[in-house]
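Here are my notes on the model you sent. Please read them with the sequence and the structure open.

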Amino acid sequence: MDSHKLAEQAAGVATGASQLSQQAQDLALSISQYAAPEAAGMPFFVVGLTVFVLACFVGYYVVWRVTPALHSPLMAVTNAISSVIIVGALIAAGPEDWNFSKLLGFLAVVLASVNIFGGFIVTHRMLQMFSKKKKQGA
């Protein structure tokens with residue numbers, strides 16, 4: 001194979017890659033137009049509120065169907081998720097200037113902290129319920 005044929009093949013591959021890149025950009029642009037809620041005529045708040053309400057229903061029914069034996073592990077997982085939420089909330093509450101993001105970050109830290117400590121209290125109480133009773137006077 002001589003260098004002239006190799007250069008022609010490389011030029012053909014480069015042209016094909018350029019066309020493929022342009023097609024990918026066009027596809028990304030068309031998808032982003034459909035993915036934006038405003039493009040569908042619905043404001044972002046309505047979409048966000050709908051997702052939140054559906055998540056509440058799904059979460060309620062998932063937790064409601066859990067057997068009592070699995071409540072302690074479920075609380076442990078909830079506490080782990082809340083600890084991740086606290087990390088994100090601390091990042092949101094971190095900016096020096098006082099703005100809406102900082103307020104929501106502070107609120108998220110407070111609510112996730114209540115969730116974590118409440119989960120530990122409930123887990124401790126459930127473990128006490130399963131422990132053997134101590135005899136009086138022994």
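**Notes on the surface patch and the fold**

1. Start with the surface. A nonpolar patch there is formed by F45, V46, L49, F52, V53, F57, Y60, Y61 and W64. Together these residues have about 1000 Å² of accessible area. Keep in mind that this is a predicted model.

2. Now the aromatic rings. How many aromatic pairs does the structure hold? There are two. One joins Y60 and Y61 in an edge-to-face arrangement. Their ring centres are 5.2 Å apart, and the planes make an angle of 80°.

3. The other pairing is between Y60 and W64, and this one is stacked. Here the centre-to-centre distance is 5.8 Å, with 20° between the planes. The pair counts as stacked because its angle falls under the 30 degrees cut-off. Both residues belong to helix α2. They are four residues apart, about one turn of the helix.

4. Taken together, Y60, Y61 and W64 make one aromatic cluster. Y60 takes part in the edge-to-face pair with Y61 and also in the stacked pair with W64.

5. How accessible are the cluster members? Y60 has a relative accessible area of 44%, so this residue is partly exposed. Y61 is partly exposed too, with a value of 44%. W64 counts as exposed, because its relative accessibility is 62% and the cut-off is over 50%.

6. Now the whole chain. Which elements does it contain? There are four helices and zero strands. Read along the sequence, the order is α-α-α-α.

7. On burial, 12% of the 138 residues in the chain are buried. The chain exposes about 11500 Å². Carbon and sulfur atoms supply 73% of that area.

8. Last, the contacts. Consider those with a separation of 6 or more: residues 24 or more positions apart account for 50% of them.

Note on methods: Residues are numbered from 1 along each chain as its sequence is written. This is a predicted model: local features need pLDDT of at least 70, side-chain atom pairs count only at pLDDT 80 or more; totals for chains, interfaces and linings use all residues. Side-chain values use heavy atoms; hydrogens and water are left out. Patches are made of residues with over 30% relative accessible area and no salt bridge: like charges are joined within 9 Å, nonpolar side chains (Val, Leu, Ile, Met, Phe, Trp, Tyr) within 5 Å. Accessible areas come from the Shrake-Rupley method with a 1.4 Å probe; for residues, only the protein chains shown count as cover. A salt bridge is a side-chain nitrogen of Lys or Arg within 4 Å of a carboxyl oxygen of Asp or Glu. Rings of Phe, Tyr and Trp (its six-membered ring) pair if their centres lie within 6.5 Å; planes under 30 degrees apart count as stacked, over 60 as edge-to-face and the rest as tilted. Buried means under 20% relative accessible area, exposed over 50%, partly exposed in between (1.4 Å probe, protein chains only). Helices (H or I, at least four residues) and strands (E, at least two) are DSSP runs, numbered from the N terminus. Contact means heavy atoms within 4.5 Å.
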